[in-house]
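Reader: Could you take me through one part of this model in close detail, please? I'd like the cut-offs behind each term as we go.

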Amino acid sequence: VKFTKEQAEVRLLVQGVELWLSQAKVVTERAEIPLNDWLQRQAANVVQVPFRSAVSSTPLVSAARAEADSCMDRVQQLITILNDLQRSPDGFCASTRRFLQVPTVGS
């Protein structure tokens, strides 16, 4: 499958975010726990905190802390790309045509 430039960029960004999330750990009073587990626990809280703020105020292990800012930048790039796709200036038909022209990820 040949990806468009846009699809390849999204794929790389997602892979980088997934890798960081799978390896990052949070330091608690008792032990180090995976960031994904910690985020799921925090999501159950009543007060919603922006993802970047939550990660920046989390006691991450040093390896995860070193990569946190670049990962948050990748997440922001993904959000921008997805928002741009959602609000195509050419309209719904052009977005649908562009989507259907090339195989989608996973096809």
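Author: Leu 78 touches Val 10, Leu 13, Val 14 and Val 17, leaving aside residues up to four places away in sequence; contact here means heavy atoms within 4.5 Å. This is a predicted model, in which local features need pLDDT of at least 70 and side-chain atom pairs count only at pLDDT 80 or more, while totals for chains, interfaces and linings use all residues. Residues are numbered from 1 along each chain as its sequence is written, and side-chain values use heavy atoms, with hydrogens and water left out.

Leu 78 lies in helix α4; helices are DSSP runs of H or I with at least four residues, strands are runs of E with at least two, and both are numbered from the N terminus. With a relative accessibility of 12%, Leu 78 counts as buried, given that buried means under 20% relative accessible area, exposed over 50% and partly exposed in between, for a 1.4 Å probe and protein chains only. From Leu 78 to Val 17 the C-alpha distance is 9.7 Å, although 61 residues separate them in sequence.

Arg 74 is also found in α4. Its contacts, again without residues up to four places away in sequence, are Leu 13, Gly 16, Val 17 and Trp 20. Val 17 is 57 residues from Arg 74 in sequence, and their C-alpha atoms are 6.8 Å apart.

Now for the helix pair around these residues. Two packed helices are described by the angle between their axes and the distance between the axes. Helix α1 (residues 5-23) and helix α4 (residues 62-86) have axes that come within 9 Å and cross at roughly 145 degrees. The axes are lines fitted to C-alpha atoms, for helices over the stretch in contact, and the angles run from 0 to 180 degrees between N-to-C directions. The crossing of α1 past α4 is left-handed, which means that the near helix is turned anticlockwise from the far one by less than a right angle. Residues of α1 in this contact include Glu 6, Glu 9 and Val 10, and those of α4 include Cys 71, Met 72 and Ile 81. Sorted by class, the contact has 13 nonpolar, two polar and four charged residues; Ala, Val, Leu, Ile, Met, Phe, Trp, Tyr, Cys and Pro count as nonpolar, Asp, Glu, Lys and Arg as charged, and the others, Gly among them, as polar.

α1 also packs with helix α2 (residues 35-43), at an angle of about 90 degrees and with the axes 6 Å apart. The two are therefore roughly perpendicular, a label for angles of 65 to 115 degrees, with under 35 roughly parallel, over 145 roughly antiparallel and the rest oblique. Here Trp 20, Leu 21 and Ser 22 of α1 meet Leu 35, Asn 36 and Leu 39 of α2. That contact has four nonpolar, two polar and no charged residues.

One more neighbour is worth a look. Ser 56, in helix α3 (residues 51-56), is partly exposed at a relative accessible area of 47%. Twelve residues along in sequence is Ala 68, and the C-alpha atoms of Ser 56 and Ala 68 are 7.6 Å apart.

Of its 107 residues, 25% count as buried.
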